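Here is a friendly walk through a two-chain model. Have the structure open beside you as you read.

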Amino acid sequence: MQVLIKIIQEHKYGQMLGMVLRIGLGLLFIYASLDKIWNPGLFAKSISNYRILPLPLLHISAIILPWLEFLCGLALILNKYPRAANAWIAGLLLVFIMAVISAMSRGLDFNCGCFNVNEATANLGFGKIAENIGLLLCAGFLELQFRTNQK
Amino acid sequence: MKSIPVLLQQMSLLALVSAVLGVSAQVVLPNGIGLKTELTIVSSDSGQVSIPTLSINPNGNTESASNISLRGAFEAHENGTAIFIDARSPEEFQKGHIQAAINMPVHAFMDSMAFLENLDFGTPIITYCDGEDCNASIDLAADLKLMGFSQVVFFFGGWLEWQAAGYPIETGS
């Protein structure tokens, strides 16, 4: 860990990698939010497929979550409140990973509603979990960089 | 440690702005939805279940399908008055399904277009999936309704209720 922090602090590529990850993650989250913002009803349906949230919370989640993704993505790109945005993104990714594992363990199979609420090809699976763990690692790297830059 | 409250403040601000934007957007968006999730009570022979109306009606379209009981479904089967469509996966379908049912996994709906286009829109259709733990029958019924079929009902008791009643089944594709 110490070595990693040293690289992030001292190596120019460490800072550059941080910037690329910050903007990349931001763009990805904005992209992921657009279809959900446009189709809140279908996104609510995607959330209901997981059968985790109580039914009365479905609509309100489908209304707020895509905008949270959008704003956090924008905040990361603009480097405005980047740590707070990154913390939300990490939290959302963590919840999503747990939701996918929970749904898979119950034998549910459906479109994950990740990028496009109507896509038929992005069903749940270990690939989806790996993809999100990768993104979570990026968020972890960014948090580490925010912390070391603050010192 | 001083930075933690600042972080929480900024996170709260992001959440608050998202909520304001999200709620306001529903007024402007053509597909906007209400804050409250409307529930539909669906009854089957083994009780009543609440399901979100959005499963039936995802686009705010007024088309909606209704439920048929085990008895009603059996009568339609015996009299041959309706087509049974199984919304489960091909693997589940092969293991066993209602006799003479057609497999149409709800997520592969578009693959079935060639078959559907040859049917009369007035053909009575009964959709089903596993049972009360799945919504695929309702989603498929909604898709068929939106496509233009006028007599679509979903059998919410599904495969489990049909099988338990000892009604005609078959295996294979």
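Two residues are taken to be in contact if their C-beta atoms, placed from the backbone, lie within 7 Å. Please keep in mind that this is a predicted model. With that cut-off, 33 residues of chain A are in contact with 33 residues of chain B. On the side of chain A that touches chain B, α2 (12-38), α3 (40-50), α4 and α5 each supply at least two residues. The top contributor to that side is α4(A), which gives eleven residues. By residue type, the side of chain A that touches chain B divides into 24 nonpolar, six polar and three charged residues.

**The two chains**

Now let us look at the chains themselves. Chain A has six helices and zero strands, so its pattern along the sequence reads α-α-α-α-α-α. Chain B, in turn, has seven helices and nine strands. The table sets out some values for each.

| Chain | Residues | Buried residues | Contacts joining residues at least 24 apart, among those at least 6 apart in sequence |
|---|---|---|---|
| Chain A | 151 residues | 39% | 66% |
| Chain B | 173 residues | 34% | 66% |

**A helix to trace: α2(A)**

Several of its residues are buried, including Gly18(A), Arg22(A), Leu25(A), Gly26(A) and Phe29(A). Further along α2(A), Ser33(A), Lys36(A) and Ile37(A) are buried too.

**The nonpolar cores**

Which residues have the most contacts inside the largest nonpolar core? They are Cys72(A), Ala85(A), Trp88(A), Ile89(A) and Leu14(B), in a core of 35 residues. The elements that give two or more residues to this core are α2, α3, α4, α5 and α6 (126-150) of chain A together with α1 (3-28) of chain B. Here α4(A) gives the most, with twelve residues. As background, nonpolar side chains in soluble globular proteins tend to be buried together.

Leaving aside residues up to four places away in sequence, Ala85(A) touches Cys72(A), Ala75(A), Leu76(A) and Leu14(B). A second, separate core has 28 residues, and Ile85(B), Val106(B), Cys129(B) and Trp159(B) are among them.

To finish, move to the loop between α4 (58-78) and α5 (82-105) of chain A, where you will find Asn79(A). Tyr81(A) is found in this loop between α4 and α5 as well. Phi of Asn79(A) is near 60°, a positive value in a residue other than glycine. Tyr81(A) has a positive phi of about 50°, and Tyr81(A) is not a glycine either.

Is Asn79(A) buried or exposed? Asn79(A) counts as exposed because it has 12 C-beta neighbours inside 10 Å, and a residue is exposed with 12 or fewer. Tyr81(A), by contrast, has 21 C-beta neighbours inside 10 Å and therefore counts as buried, the cut-off for buried being 20 or more.

Methods:
Residues are numbered from 1 along each chain as its sequence is written. Chains are lettered from A and ligands numbered from 1 in the order in which they are written. This is a predicted model: local features need pLDDT of at least 70, side-chain atom pairs count only at pLDDT 80 or more; totals for chains, interfaces and linings use all residues. Helices (H or I, at least four residues) and strands (E, at least two) are DSSP runs, numbered from the N terminus. Ala, Val, Leu, Ile, Met, Phe, Trp, Tyr, Cys and Pro count as nonpolar, Asp, Glu, Lys and Arg as charged, and the others, Gly among them, as polar. A nonpolar core is a set of buried Ala, Val, Leu, Ile, Met, Phe, Trp, Tyr and Cys residues joined through C-beta atoms within 7 Å.
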